[in-house]
2 protein chains.
Amino acid sequence: MAQLAGVSQATVSLVLSARSDGKAATISEETRQRVLDAARSLGYAHDPAARRLAAARNNLLGVFSFTATFPTDVQHSYYPFLVGVEQEAAARGYDLVLFTGSSSGGAGAAGPDALSRVRLADGCLFLGRHAPGAELKRLVADGFPVVHLGRREELEGLAWVGADYVSASRAVVEHLAALGHRRIVLVREADDAPASADRQRGFLEGLAAVGGEAGPEAVLRCADPASAVTAERVRALVADGVTAFVAEETDTGAAWRALDAAVREAGLSCPGDVSLGLLGSPPPDLAAAPVPTGFDVPRHQLGAAAVRLLAALVAGEEAQEPLVACEFRTGATAGPPGRRP
Amino acid sequence: MAQLAGVSQATVSLVLSARSDGKAATISEETRQRVLDAARSLGYAHDPAARRLAAARNNLLGVFSFTATFPTDVQHSYYPFLVGVEQEAAARGYDLVLFTGSSSGGAGAAGPDALSRVRLADGCLFLGRHAPGAELKRLVADGFPVVHLGRREELEGLAWVGADYVSASRAVVEHLAALGHRRIVLVREADDAPASADRQRGFLEGLAAVGGEAGPEAVLRCADPASAVTAERVRALVADGVTAFVAEETDTGAAWRALDAAVREAGLSCPGDVSLGLLGSPPPDLAAAPVPTGFDVPRHQLGAAAVRLLAALVAGEEAQEPLVACEFRTGATAGPPGRRP
DNA sequence: TTGTAGGCGTTATCAG
DNA sequence: CTGATAACGCCTACAA
């Protein structure tokens, strides 16, 4: 302890914690310097564990992901989010501690106290849709600041930030409508993720707003897009008056892949005969193809927004707007409706 | 606290810490179950901070990198190492805590206690060559388990793991020699990194071992490879009897780039007229080119080895072999010496 | 086998 | 303005 070197005992706490604090006048300059010198010569530093134990702040923000943080398969990693998280945290003077969920490989990860270690930090950010509700609930019930990255409304009181898929999807439809399209079909997968539901909702809203036909036949919900969305199917729909298709983005990109393949196989030219929209970003392996009209999820900004919210919670402030706007991408797959064959 | 639910008070500590411990006979099965049940129903879990403060283990391994952990420029990130680190940590039942060095953007990062927060964990792994010696020294002096990823012998008592560049470089030279080369030139940059020194040493050792000419003219040390290694230079050397070149790998890949460009510009065919070796892996943007004869740094394994060493230190065991072997890559840029023009 | 007491390093409260 | 003192939650003897 530094008090041995100086003369005081827990006065050191005052001078050390009030480093750049506002209330600096509470201690005499002399002892202050004495303490500072002693601390420096001893190479003294706070013990973060003790500091936190004593109900103080750590200046640490936790990040917990339920899949491996550094997957060998770099495909669906949270890297882009984490970039934003790290930048915003740095900007706000917070340090990051990343808890890897996959660690303790099946042992601790599954255990009931898998999440307890996040209490090392002042608050924690959760990534991934597999966050166990019960544990999160307990955390927020204990008053521990928690933010979930991704819409999560089932859990009462759980703060979250998410992309505004509804508005973004709607904007894509409106863009198509502005080009003259009225009969537009959404291709989506069968699984019921909030992100899918949001996109469909935005799609239907957009359709309704522009006076398009928003009946149930406007959405193609298929368990296996590859086999459901065939060339004949597309040809038939086009013959029936459909002039544009939009696909939802998923991990696999199955809907977009199927749509793309079917149109190509049907011998339809893309911006010419039919217009295509993608409710999200194309899978990396299709990035070389003509860039799809659609929108990009602002992953960096989402990460940053999550950190902002978490910082607010830690500081005891109120939550702000959880939705982050997506960025419209003009792309090259949408044009005026082709003449019906 | 769980004692309210059960009947005991710190007995809970015994049963909870002896979870899968060897000495299980120290507590009666009945109270044990009672405590366990109470803990489960209350959702109780250790407070990691308190646990650590009480001189116990956390089961947390720290990772500290001095550059951004998630750089926007994905070029020189530690990602490949971290993959290995995460896997090995998971395999050993450790959880990972990643401290981002760049956070606290210039404020806390530079502060004297920037490293103090790693004490939250049972030990810490340091990545990057900018680790401040003084702070590391203090950490090891305090008996805190520390492992540095990358050779670091100047700091007495600092444990480290690194790639065996010497042997790997030597192997490349010996491969060339086996093909018949005797006059080989090393192109390296001027800056004095341990990794560069190691490669040069291995190069010279190899040359000496095969009876090649290992004089000082065998290594081209240039501040700016691009301007120093020109087509004429290469042509002159070849005319003088040099049949093979090797370049060191660096962040920028400048040496290899320069060599590659110069040879091409000199109108020399690569496996035909001259053989080329790369002491490391090619930069990503040159990965499409014919794969260079050389070696790959086993980044995953390095990360894993670092975790193993750190775990050993935490457990109070002794350090093991710090060097990890690189993997020879046959490649397509080396063949028998061409006829001298 | 279990409960009791002391201490880990820090902050917060409250007298001097 | 400063110095005691009591938590914070847990662990490790030691005593019952």
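**View 1. Two tyrosines at the chain boundary.** A:Tyr79 and B:Tyr79 are both buried (under 20% relative accessible area; exposed is over 50%, partly exposed in between; 1.4 Å probe, protein chains only). This is a predicted model: local features need pLDDT of at least 70, side-chain atom pairs count only at pLDDT 80 or more, and totals for chains, interfaces and linings use all residues. Side-chain values use heavy atoms, without hydrogens and water; residues are numbered from 1 along each chain as its sequence is written, and chains are lettered from A in the order in which they are written. For B:Tyr79 the relative accessibility is 12%. The ring centres of A:Tyr79 and B:Tyr79 lie 6.0 Å apart with planes at 55°, so the pair is tilted. Rings of Phe, Tyr and Trp (its six-membered ring) pair if their centres lie within 6.5 Å; planes under 30 degrees apart are stacked, over 60 edge-to-face, the rest tilted. The pair runs from helix 5 of chain A to helix 4 of chain B. Helices (H or I, at least four residues) and strands (E, at least two) are DSSP runs, numbered from the N terminus.

**View 2. An edge-to-face pair between chains.** The whole structure holds 10 aromatic pairs over all chains. One of them joins A:Phe70 and B:Tyr79 edge-to-face, 5.5 Å centre to centre and 85° between the planes. This pair crosses between chains: A:Phe70 is in the loop between strand 1 (60-65) and helix 5 (79-91) of chain A, and B:Tyr79 is in helix 4 (residues 79-91) of chain B. A:Phe70 is buried, at 3% relative accessible area. Ring pairs link A:Phe70, A:Tyr79, B:Phe70 and B:Tyr79 into a cluster.

**View 3. Where chain A meets chain B.** Contact (heavy atoms within 4.5 Å) involves 44 residues of chain A and 44 residues of chain B. About 3700 Å² is buried between the chains, 63% of it from carbon and sulfur atoms. Buried area is the accessible area (1.4 Å probe) that two parts lose on being put together, summed over both. A:Phe70, A:Tyr79 and A:Glu86 supply 20% of the area that chain A buries against chain B, more than any other three residues.

**View 4. A salt bridge across the interface.** The interface of chain A and chain B has two salt bridges (a side-chain nitrogen of Lys or Arg within 4 Å of a carboxyl oxygen of Asp or Glu). One of them pairs A:Arg117 with B:Asp95. Their closest N and O atoms are 3.3 Å apart.
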